[in-house]
Structures are given as C-alpha cells and as structure tokens.
Amino acid sequence: MKVIHLLEGVYEVSLKKDFHYISRDLIDGKPTEGYYLIVRPFLVQIGDENILIDAGYGGEEDCEPILIKKLRENGLNSTAITKVLISHLHKDHINGIGTWIGEEFVCNFPNAQIYIQQKEYDYAIAQTNNSYNYERLEKLKNFKNIVWMNENEGDISENIHFEMTGGHVPFQQVFWIKNNDETVFYGADNLPQLNYLKYHAAFKNDVDGHKAMEDRLRWEEQAKNEYWKILFYHGKRTDIKQF
C-alpha cells in the first residue's frame, strides 16, 4: 500500500468563509483577518486501485485543476482514479470533484466510483451558510458514478471500512484502508491536524465539538495500539503520522 499526499495549496479564508488561493507552497504567519487553510487530499494505491480521499477545493492554475496536475506529477491521469471517498460536503472537500466547462460541470474522475453519504448530502443542501457551494452540490445529482451511501457503518470493499461519526458536521464519515498488516486512517475534520491530538478540547467550528473530541481520544489510543498511519487533510507541517 502506497500513500501520497496531494497538497493542493494554501487558501486564505475570510470570516465569511470566502476562499482565496494563495500558494502551492506552505507559508507561515496569519492574514489580517480570517486564517490560512492547507488543503491536502490523499491518494492511496493498493494493487490496481487508485483511491482518492476527498477532492480538494478545486483551485486552478492555467485553467487546469491543481489536483489533476498533482496527480500527473505522481504519474497518474485523473481517469486512473478508481474510487473517491468523500468525508463531507464542505466546499474545501468536494469542490474539486468537478470542473466547469462552459455551463457544464464535468466530473474530474469519470472512471471512479464516488462515495458520498446520503444523509450528509440532504443535510448540506438544507443549510444556508457559506461553508457549502450549493451550485456544485446541485450538479452532483447529474453525476452517474456516485454511490449514495445510506448505512452508518460498513465496508466499501475488502480493504476499505467507513463509519459515519458526526462531530465536525452531523453526518461526516471517516475511513480505514487496510492491506495485510497496514492500516491507514482518515479522520477528516474531526482530526484534521496532528496538533488536535495535543489539546483535549472541543472546538467551536464543529457542530458537535465534544463528539469530535471523544473520537480523537478513542482514535489516538487505537492508533498507538494498532500502529495506524493517520492522514491529516489540513496538516501544516505533518501530513502523515505513523503511530
């Protein structure tokens, strides 16, 4: 099993949740208002499977999605992706699933099965805040390769297990990818950075911060006992941690 981080870049996020692309490279400091946010999807390769975990914000360079460029830099075309695992539908995790070509929103990963929690979709489209891109969410209905998930927990394949945990948003899901004795874990925005394990705190940006905190404590103990490799989507200095 091979894990590759696909750093899309750094965004400046305003207090109104407007995203402005800053750099493909990590930067220090803070903006005058809001904050900097690292967006880092992951690619997991097992045999013939190329599994993308979350799809980035959808930033572009020279009219091409940065994520597709990152895949190409690692020797893959976007058509080689076989599965896309979506944790939740905030725009920094789902926007990169497609690209506008004229008035048509086209899937960036046409040969992949895209796994989205149905409860998360129903929740997302009922909200009225700037964490979501409603135009793109509406277009997802036209994608023929989405697998709408309705279970709270289960197996996507013999290597991939999911659990709907809530926490950051009510219907967020997390993923375990296993092969032989290796376990890769993705806790999405319940565990977006390594330093979240340093502070046993409930964060205000989570819908249920206490649930997210409880998850982190449980996962940390399991990770140490079972030697997980944890992926950090918003990690600044640490993208992958082997326990």
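Me: Rings of Phe, Tyr and Trp (its six-membered ring) pair if their centres lie within 6.5 Å. Which residues do ring pairs link into a cluster here?

Reply: This is a predicted model. In it, Tyr 11, Phe 19, Tyr 21 and Tyr 57 form a cluster through ring pairs.

Me: How many aromatic pairs does the structure hold?

Reply: There are 15 aromatic pairs. One of them is Phe 19 with Tyr 57, whose ring centres are 4.6 Å apart. Their planes are at 10°, and planes under 30 degrees apart count as stacked, so this pair is stacked.

Me: Where in the chain are Phe 19 and Tyr 57?

Reply: Phe 19 is in strand β3 (residues 19-23), while Tyr 57 is in the loop between β6 (49-53) and β7 (60-61). The two residues are 38 residues apart, and the pair links distant parts of the chain.

Me: Is Phe 19 buried or exposed? And Tyr 57, buried or exposed?

Reply: Phe 19 has a relative accessible area of 13%, and buried means under 20%, so Phe 19 is buried. Tyr 57 is buried too, with a relative accessible area of 18%.

Me: What about the rings of Phe 105 and Phe 143?

Reply: Those ring centres are 5.8 Å apart and the planes are at 10°, so that pair is stacked. Phe 105 lies in strand β11 (residues 104-107) and Phe 143 in the loop between α4 (134-139) and β13 (146-149), so the pair ties together parts 38 residues apart in sequence. Both Phe 105 and Phe 143 are buried.

Me: Changing topic. Which residues are buried in helix α3?

Reply: Helix α3 covers residues 118-125, and Glu 120, Tyr 121 and Ala 124 are buried in it. Their arc around the axis is only 100°, which puts them on the same side of α3.

Me: What do the buried residues of α3 pack against?

Reply: They pack against β12 (113-117), α4 and β13. The helix α3 lies across β12 and β13, and runs at about 65° to β12.

Me: What is the order of the open sheet of six strands?

Reply: The order is β1-β5-β6-β9-β12-β13, and the pairing is mixed. At the edges stand β1 (2-5) and β13; each has a single partner strand, so one side of each is left without a neighbour in the sheet. On average, neighbouring strands of this sheet are turned by 20° against each other, direction ignored.

Me: In which sense do β1 and β5 pair, parallel or antiparallel?

Reply: Antiparallel, over four bridges, with β5 covering residues 42-46. As for a particular bridge, the partner of His 5 in β5 is Phe 42.

Me: Next, what is the phi of Cys 63?

Reply: Cys 63 has a positive phi of about 65°, although it is not a glycine. Cys 63 lies in the loop between β7 and β8 (64-65). Exposed means over 50%, and Cys 63 is at 75% relative accessibility, so Cys 63 counts as exposed.

Me: And the phi of Tyr 227, what value is it near?

Reply: Near 60°, a positive value in a residue other than glycine. Tyr 227 is in the loop between α5 (209-226) and β18 (229-231), and counts as exposed at 58% relative accessibility.

Me: Last one. Which residues does Met 164 touch?

Reply: Not counting residues up to four places away in sequence, Met 164 touches Gln 117, Lys 119, Asn 152, Phe 171, Gln 172 and Gln 173. Met 164 lies in strand β15 (residues 160-164) and is buried, with a relative accessible area of 16%.

Notes:
Residues numbered from 1 in each chain as written. Predicted model: local features only at pLDDT ≥ 70, side-chain atom pairs only at ≥ 80, totals over all residues. Heavy atoms only, no water. Buried < 20%, exposed > 50% of the residue type's maximum accessible area, 1.4 Å probe, protein only. Contact = heavy atoms within 4.5 Å. Phe/Tyr/Trp six-rings, centres within 6.5 Å; stacked < 30°, edge-to-face > 60°. Arc of directions from axis to C-beta. Pairing = 2+ DSSP bridges. Axes fitted to C-alpha atoms, helices over the stretch in contact; angles between N-to-C directions.
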